[in-house]
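Take a slow look around the model below before reading on.

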Amino acid sequence: MRETNLRKGEQIAAPKGKLGVLIPGIGGAVSTTFIAGVELVRRGLGEPIGSLTQIGTIRLGKRFEHRSPKIKDFVPLAGLEDLVFGGWDIYEANGFEAAMYARVLNREHLDPIKDFLSGIIPMEGVFDRRFVKNLDGSRIKKISSLRGRVEALKADISNFKAKNGIDRCVMIWCGSTEIHMKADDIHNSVEALQAAVDSNDPRIPPSMLYALAALESGIPFINGAPNLTVDVPAMVELAKANDAPLAGKDFKTGQTLMKTILAPGLKSRMLGLEGWYSTNILGNRDGLVLDDADSFKTKEESKLSVLEYILQPHLYPTLYKNYYHKVTINYYPPRGDNKEGWDCIDIFGWLGYPMQIKVDFLCRDSILAAPLILDLVLFMDLAKRAGMSGIQEWLSFYFKSPMVKENLYPEHDLSIQSMKLKNTLRFLMGEEQITHFGLDYYMNGEQDPAKRGM
């Protein structure tokens, strides 16, 4: 396997021309909220709240230097005006109709951009109900062979680029959660995977066909669901061979976001955990899909793994051995996209005395996910132009189940993930990594940096 040809600073190709954002599941609540939001920001009718690339800053150098530019001014990211949206769905609704159906954004936000959203027409999707049992669409490619479906998706990509004058693309999976799958022999190499596709192997889900179409076209692929999809050796190998970055999996938005904030705090203070009960109610299409036990198993595994990796019970058996962790998701149509995540956390402290934490997060699933999609698209395009291929672990900040190199465990602590992301940006731009050491300010009795020639 050849080495990544990494470039830094001025060597990174400039983000010239249009950037195509290809979305399987373009008619869903998350996708339409993201697309509508970008257009509102472009027209000066909204603010990109929650987007690190748009309003976040990055500290450079020592604290006394007071250098904290916005990230979008520090690294060469594509501008919002350069984004062009296209994608696939199994439902016929255009962008405006789909956004109205999702009931996430109000008419005051949708009506001013109705002309723009109405022009987003989904391409026919690749779908197999065996992998998403609670959905059944009408806009589906009528192609029997798996290889034929991959080639049809690649043709869609080429036509989209030609029609819109696209220079580069990023594909981001915003489709539904597929049934639970484990890596098998067909996933061990590119040759084995391609042979499985050619023989119409029933273990190949639609998400893998989209990923193949992207990677064979040299396009970065982001997995926003907990599906297996690209988290197998064959896909990583294919991505490297085609100079395509990979990132995933499962957008970290509501309840799991809270866990990656709270659990590291408990561990850092050496407080013990007896049990963590998490339940959700959700009424959108995602909730409907997860009402199927096989699809929920995929999501459950993604959610359950977080605490195990953060708390490391093998290192702290007195505090975390045998804690009880329960996660449930309940489909409740009246709530729509307005999800409620409730956590009951039983902890213990000095001498084993018990305490409790209760969290009731009344969140909006798509509102939390939309800025993540924007950041991931822009960062993955940057990675492609910087010569970074394969797994982009530095983007773990955005995922419930971050992809990592074989034999590594994923880092789930949100603060560490944030530091990893920003240090990667500093590295790419030739800036010094920040460790927050700080002791150098107080060594040798000299507190004034100017006296030390710094």
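**A walk through the model**

Let's begin with the cysteines: the structure holds 0 disulfides, a disulfide being a pair of cysteine sulfur atoms within 2.5 Å. Take Cys-174, which is in no disulfide; the nearest cysteine sulfur belongs to Cys-169 and sits 15 Å away. Cys-344 is in no disulfide either, with the nearest cysteine sulfur, that of Cys-363, 18 Å away. With a relative accessibility of 15%, Cys-174 counts as buried, and at 14% so does Cys-344. Here buried means under 20% relative accessible area, exposed means over 50%, and partly exposed is in between (1.4 Å probe, protein chains only).

A quick word on how to read all this. The model is predicted, so local features need pLDDT of at least 70 and side-chain atom pairs count only at pLDDT 80 or more, while totals for chains, interfaces and linings use all residues. Residues are numbered from 1 along each chain as its sequence is written, and side-chain values use heavy atoms, with hydrogens and water left out.

Now find strand E1, residues 18-24. Helices (H or I, at least four residues) and strands (E, at least two) are DSSP runs, numbered from the N terminus. E1 is mostly covered, with 6 of its 7 residues buried. Which strands does E1 pair with? One is E4, in the parallel sense, over 5 bridges; another is E2 (residues 83-89), also parallel, joined by 6 bridges. Two strands pair if DSSP finds at least two bridges between them.

Next come the charges. Side chains of opposite charge can pair when their charged atoms come close. A search of the whole structure turns up 26 salt bridges, where a salt bridge is a side-chain nitrogen of Lys or Arg within 4 Å of a carboxyl oxygen of Asp or Glu. One of them joins Glu-301 and Lys-182, at 3.9 Å from N to O. Glu-301 lies in helix H13 (residues 293-311) and Lys-182 in the loop between strand E4 (166-173) and helix H8 (190-198), so this pair ties together parts that are 119 residues apart in sequence. Glu-301 is partly exposed at 40% relative accessibility, whereas Lys-182 is exposed at 58%.

Another salt bridge links Asp-231 and Lys-249, at 3.2 Å from N to O. Asp-231 is in the loop between strand E5 (221-223) and helix H10 (233-241), and Lys-249 is in the loop between strand E6 (245-248) and helix H11 (255-268), so parts 18 residues apart in sequence are tied together.

Finally, turn to the surface, where Phe-437, Leu-439, Tyr-442 and Met-443 form a nonpolar patch with about 460 Å² of accessible area together. Patches are made of residues with over 30% relative accessible area and no salt bridge, like charges being joined within 9 Å and nonpolar side chains (Val, Leu, Ile, Met, Phe, Trp, Tyr) within 5 Å. The areas come from the Shrake-Rupley method with a 1.4 Å probe; for residues, only the protein chains shown count as cover. Phe-437 lies in the segment after H16 and is exposed, with a relative accessible area of 56%.
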